[in-house]
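Let's go through this one together, a question at a time. Have the sequence and the 3D view open as you read.

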Amino acid sequence: MTNTIADIETSDLILVIGSNTTENHPVLSSFVKRAVLKGKKLYVIDPRRVKLTDHADKWLRPSPGTDIALINGMMHIIIKEELHDKDFIENRTENFEALKEIVETYTPEYVENITGIKAADIIEIARQFAKASVASILYCMGITQHTCGTNNVKSLANLSMLCGHLGKPGGGVNPLRGQNNVQGACDMGGLPNVFTAYQLVSNDEARNNYEKAWNVTGMSATPGIPVTEMIHKAFEGELKSLFIIGENPLVSDPDLNHVRKALANLDFFVVQDIFQTETTKIADVVLPAACFAEKDGTFTNTERRVQRVRKAVKPPGEAKQDWEILCKIAKRMGYEMSYENSQDIFKEIASVTPSYKGITWDRIDKIGIHWPCPDETHEGTPILHTTQFTRGKGLFHAIDHTPPAEEPDEKYPYILTTGRVLYHYHTGTMTMKTDGLNMLSPECFVEISSADAQRLGLDTGSMVDVSSRRGKISAKLKVSSKAVDGTIFIPFHFAKAAANELTNAKLDPTAKIPEFKVCAIKLEPATA
Amino acid sequence: MERNIITINENELTFESGETILEVAQRNKIDIPTLCHLKNTIPTTTCRICLVEVKGESDLVESCATKAKQDMIILTESSKVIKARQKNISKLLASGNHNCAIRDFDTNDWTSFQLSVLKSDGKEDLCPVWGDCELQDLAYRYQVKTRGMPLNECKYETERANPFIIRDFSRCILCGRCVKACREIQVNNAIEFGYSGKDLKIIAKNDAVLKDSDCVFCGECIQVCPVGALVPDKVFRDGRFTDTKKVRTTCAFCGVGCQIDLFVQNNKIVKIDGADINLAPNNASLCVKGRFGYEFVASPERLTKPLIKKDGKQVEASWDEALDLVAQKLGSIKKEFGPDSLGFLTSARITNEDNYVAQKFTRAVLKTNNIDHCARL
């Protein structure tokens, strides 16, 4: 997030796009709902009538995968009606002319045609967004999990910069990170192209610094491959070994059929986890790890706040700390890596990570600090880009709408979009151990509009076979007012009817994120 | 020029315009008891415990709903205040099933007292929040005796149909904190005051049980309930929690990073509460997963020993055997096919420290940049 969670409540207008906030970030959603109670405006853009739309001034419903067209349409109006922030554009950004040129063709009528949103609604939201004294954009995987995910995000940045809503309280472009430490895993260099704090592995100076700090030579200057490509390479036999910590790709990854074959093809497969999962079951070695309540350390939340994790209970049996296991393997492979404790590791992190340099465990004992925090007297940075952007001036990107990789046709007439429910977390390995959560959300379901259900002659509770070009699952139908005709929603948590048997593994070319939010499927009454 | 100063119990204190007497007192660590007030919500004034005496005013005023005014002189524990509080506490005790040991029994009466408790309670234990009840605390503090007070029969049966939350209407003092928490803090709008007069009850829509209502089981209502009307079902399943250790940490579900307090007994988490109301990012709020979804930690299904696949079957192994095998295999594959034939997936669920070591291991030991995690999934 460019801004903080508390900041949301101070916004004048909140635009939530591609985020089922009340289910996926429930506590954060209360900030949004309280803002509405205080009279702030809320617009929700989502292909489903998610719960948050109950609190919104207006719900806009784009056809899945048409966000760029909608955002360009908004910018078309804002520029045409001269509602853009000319000072901000002049002083803080560049490439505005290219943006102006590309959105020229995105007239409300043209956009209505692509998105299905009425021209009048596009005009209204554009005006409200631009006229708000400060507006906050909240987005989640409804924006990113598309083959045009990167361009979707850039479009939101365009929109915010166009209206000068960045770099101040109550504004910003705010991605809501899904898992507890997804921000931290990225910050720590758990990505193929960067060390900690996003220092490029291809940058000689950064790499030299790391080689010195780690007392090694010959580290690779070539960026590695992301998870989605690792699966392809394993399938093709180029990737021989995979070591996984705390992930369950046999439920969470797209096109499971492909993933299954790929993992089976590995010469050596290690999984370090807290439970047996669909994935650990096929591993050559399974290593038992400690869970969050058994660890000392830090997580970094979606607002870049580095917070303490404290050990409350002892790990079961012989389970060990994740870092400790890796140190022991390193040592056996001839590299001496040892730490007294987790705090020792954090000190090393701070020494090689500019944005964490000023953070110590003592400083975050009571309350976490937002990075960047360059030195120990610095109070952290709750709001980013207040005086300049990371690259200096904010760059407008001229972006055109591109359709999803797979669209419905005669054979597969419905759009499938996947996501989560309130009561479960990712592949359910943790939440499905609590009876009460299973009682509230016992099994997979196929969410459908009442008109579509009628057309199929089926009702809530009917078993249906859902198939795509890649796979088939069977689950119970759930007629819901959240669903819109033609679009089906299935949560991906449930291994027994895994939505990812159906999903498309086509990737965004930059972020390599799969298009979980759109693929084509068909529905039939269950045969078995 | 306005001075914006009031005097509470002979302390001169500044206030900001709009602040209530209670807020000024709380900010200055002066304890004014209240059972219905909930920070950041509109005052309801239902409990009438926070009454204070303002010099020059004939009636006591509710400190939660009275704005501080210049030169006010306030007494929070005058004899008039104490008498009024005693009367109001007594009324609340009489309103429901508050059969805790605040009753003024003597030793001879103990058996009949216990019997009457058992009879009216229908179970073998006392109130599940005995010793952790704000009403009970106040009754002690103000020495309110309830001897001779009949146990009030409650017309509403205890609601046990829900996961996580037990609603015992017989202990509800109708303070309305749960409604405030639901409607003004979490804004889930699941519960409200229903019926009227003697029938007043906190209800979900159409008086449905919570699991069939709009309730999303965030449990904020349990956290703010001053008495034993709303309690986690664990209290009944596992008995009372005494001698618990409290550990502040960060929730492991979703990226909001809620600050939580784990209550630990015998190496087991028995309860989770949202941390401090003044502490970002969650200000003590939690969701259903964060508050109740901790059973995985102590699950008997946890992995406790390394496993190695032998003849197609995973069997338990010693750490030495497992780690030797991993090091040897990774080393030989690296040698034969090159470092980029190895891949590593670190995790968005583990700590920064774990992640840092994982990428260091991948880059410095395996010598590849093939490291990623589930950020995109």
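Q: Where is the place of Pro372(A) in chain A?
A: We're looking at a predicted model, where local features need pLDDT of at least 70, side-chain atom pairs count only at pLDDT 80 or more, and totals for chains, interfaces and linings use all residues. Residues are numbered from 1 along each chain as its sequence is written, with chains lettered from A and ligands numbered from 1 in the order in which they are written. A cis peptide bond joins Trp371(A) to Pro372(A), with omega about 0 degrees. Strands are DSSP runs of E, at least two residues, and helices are runs of H or I, at least four, numbered from the N terminus; Pro372(A) sits in the loop between β12 (369–370) and β13 (394–395).

Q: In which loop of chain B is Pro281(B) found?
A: Pro281(B) is joined to Ala280(B) by a cis peptide bond, omega about 0 degrees. Its place is the loop between β12 (268–274) and α8 (288–292).

Q: Is Tyr195(B) buried or exposed?
A: Tyr195(B) isn't a glycine, yet has a positive phi of about 55 degrees, in the loop between β7 (191–194) and β8 (201–204). Count other C-beta atoms (placed from the backbone) within 10 Å: 20 or more is buried, 12 or fewer exposed, in between partly exposed. Tyr195(B) has 12, so it's exposed.

Q: What does Lys512(A) count as, by its C-beta neighbours?
A: Lys512(A) lies in the loop between β19 (504–507) and β20 (514–515), with a positive phi of about 55 degrees. There are 17 C-beta neighbours inside 10 Å, so Lys512(A) counts as partly exposed.
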